Every structure is written in C-alpha cells, then in structure tokens.
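Hi there,

Here is the structure I promised to pass on to you. Have a look at it first, and then read my notes below.

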Amino acid sequence: MGRTVVRLFLSLLCTQAIGWWSVPAATAQGAGPALALDFDLYRDTVEPVLLARRPGNARCVVCHSRGGGNAYLEPLSPGRESYDEEQSLRNFERVQRLVVPGAPTESILLMNPLAQEAGGSHWHGGGKHWTSQSEPEWQALARWVGSTTPTLDFDFYRDQVEPVLLTKRPGNARCVVCHSRGGGNAYLEPLSPGAESYDLEQSMRNFERIQRLVVPGAPLDSVLLANPLTEEAGGSHWHGGGKHWASQDAPEWQVLERWVQGATGGGAQ
Ligand code: HEC
Ligand code: HEC
C-alpha cells in the first residue's frame, strides 16, 4: 500500500512536470498488454460524471471545455445539458489519454479530483471533488478504466503468430497448406512461389481475416486456438486438420494465447 502511494506520487510528480501526455507514452513503451476502453460505457457512465454538479465545486465541464491545454471536453452546445454522439466520441478520444487502462489509481482523471488522503494527487487546480474511492462517481470512473478488452497487435501477429501458422509439425501438415487454398476456410494468403514467409501486405490481409477467428481476451472461445488443441486439453471436439497441440503449455499455443490476451511488439521469437 505504502509503496503504491509513493509510486503514484512520483508518477504524478513526473506527470505534472512534463505534461499529461507522458502517461500514455510511458504505458505504450511498457511490456503490458494493449487494452481498449469501452466507448458505450464511457458515454453512459463516465460522461455524466464530468457533467454533474457537486455542491461546493464547479462542474468538470465548466473548466475543462474552455480551450487551452486542459480542455479535454468539447464545449456544450448552447442550451444543451449533454453531448451528442459525435461530441462524445471526440471527448472519448481525449479523455482516454488521461487514464491508464486497467489502472484506475494511476489515472490522472481519477486522481486529480480525489482527496490526497484518499490516495489522490497532491494538487488539482479544480479542487477536490471526492473524499473517498468508495464514492459512487469515483467508482463509476474506476469501473470504466478497469473494464478493458485486449486489442490484437499486428506486430506481434506478424513476428510471432504467423510463423506458427507456417511451421511444420511432425505428424501434421502445416496450417498454411490447408488454410490458403481458397474456399470458406482460407484465412491465409497463398505463399508466393518459392517464398517461406509473407511480405508485409500479405500479412496485413491475413491479419484482417484471422481476427474473425479469435475472441480478444478469450483464448478457448477462439476457434483458431481451440481447433488444433486436443479436446482433453480444452480444445474443440473436431478439427478437419487434426490436433496439433496436446496441452495449453505447448510453447506455440502459448504464443497464440499471449496474442489473444493483448501482447504487443515484434522482434524476438
Ligand atoms: C474550477 C475549475 C476546475 C474544475 C471544476 C475541475 N478542474 Fe480539473 N483542472 C483544472 C485546472 C486549472 C487544471 C490544470 C492544473 C492542474 O493540473 O491542477 C486541471 C487539471 C486536471 C487534469 C489534468 C489533465 C490536464 O488536462 O491537464 C485532469 C485529468 C482533471 N483536471 C480532471 C478533472 C475532473 C475529472 C474534474 C471534475 C470531477 C475537474 N478536473 C474539475 C481546473 C478544474
Ligand atoms: C490437413 C488440413 C488442415 C490443417 C493442416 C489444418 N487445418 Fe484447420 N481446418 C481444416 C478443415 C478441413 C477445416 C474445416 C472443418 C472444421 O472446422 O474442422 C478447418 C477449420 C479450421 C478453423 C475454423 C475456420 C473457420 O473459418 O471457421 C480454424 C480456425 C483452423 N482450422 C485453424 C487451424 C490451425 C491454427 C492450424 C494449424 C495449427 C490448422 N487449422 C491446420 C483443415 C486443416
């Protein structure tokens, strides 16, 4: 607990010093998974908080839609008390940069208006709006920041997943042999004559198609992972191409799993 607070405090110090855009930059470089925030949940539960009146404080929108570096909200249209969908989308883009997906207490959107004694930041020009993390409004923001889905990363796909689909395994044909022939199951491009791997454009087309065979965050619900895995290990009952992995511990299966869980980056195999 103490350590978290110190870390938070340090990270906030840095944030204040260099500007809030350093927050997402820092996360993007980290090895953490790529996580996406939900727009509908934002619109239904977060935006109302940013528009709500609280005794003793101005509304977030009053100060944060005025232009200048802190304006992460659109101005409300004259006479309106809420945003239309396009305005909400623009807000969503900007507000996302003020949070760390999956980490409410590292998100300046939640920390700035929270009292320091409750774990919040040392200072917020707009005052403290919540005295505890259990306040319903703070909780609504935390639920949004906490409910993320992994996003599928192209670099990881190209450098680590695609080689698995091209690899020969004893006793089986390669995935690509059956799955690049045309017809309903062809989610891979044919390899160019003589080539043992794909060029960038081919990989991009494969990536588009193969996404339909996986459910981000749910490896065993993803037919790409379930079909070649034995039924005893949690895989599907039947796959016309046979079973290629007898356990979820198989290193190749784990590569696919990490991708579906949002692993990012290319490079090492
Ligand atoms: C009275 C005006 C005022 C109100 C009301 C206000 N803020 Fe602020 N806020 C500021 C000012 C000024 C800054 C810049 C200085 C600082 O960081 O404290 C700021 C900074 C921030 C930042 C840092 C990001 C940035 O754009 O620099 C966030 C996030 C934030 N406020 C969130 C909120 C939320 C959420 C609310 C409502 C619960 C709120 N603020 C209400 C004035 C306000
Ligand atoms: C010997 C040919 C063959 C090989 C090798 C093969 N498959 Fe298949 N695969 C099939 C056939 C046939 C089907 C369609 C019938 C079925 O669903 O079992 C299929 C279906 C699939 C589907 C469902 C496609 C869809 O559009 O619903 C996925 C995903 C899949 N295979 C993944 C793989 C992976 C990953 C590998 C390599 C580890 C692989 N397959 C190897 C023949 C093959």
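The buried residues of α5 are covered by elements that include α3 (39-51) and α6, where cover means contact, with C-beta atoms placed from the backbone lying within 7 Å. Helices here are DSSP runs of H or I with at least four residues, numbered from the N terminus. This is a predicted model, in which local features need pLDDT of at least 70 and side-chain atom pairs count only at pLDDT 80 or more, while totals for chains, interfaces and linings use all residues. Residues are numbered from 1 along each chain as its sequence is written, and chains are lettered from A and ligands numbered from 1 in the order in which they are written.

Which residues of α5 are buried? They are Ser 88, Asn 91 and Val 95 (buried: 20 or more other C-beta atoms, placed from the backbone, within 10 Å of a residue's own; exposed: 12 or fewer). Because they cover an arc of only 60 degrees around the axis, they sit on the same side of α5; the arc is that of the directions from the helix axis to the C-beta atoms. The face turned away from that buried side carries the exposed Glu 86 and Glu 93.

Now the ligands. Around ligand 1 there are 19 residues, with Cys 60, Cys 63, Asn 70, Gly 125 and Gly 126 nearest (near: C-beta atom, placed from the backbone, within 6 Å). α4 gives the most to this shell, 4 residues. Around ligand 2 there are 17 residues, the closest being Ala 173, Cys 175, Cys 178, Gly 240 and Gly 241. Here α9 gives the most, with 4 residues.

Enjoy exploring!

Definitions and conventions
Helices (H or I, at least four residues) and strands (E, at least two) are DSSP runs, numbered from the N terminus. Two residues are in contact if their C-beta atoms, placed from the backbone, lie within 7 Å.
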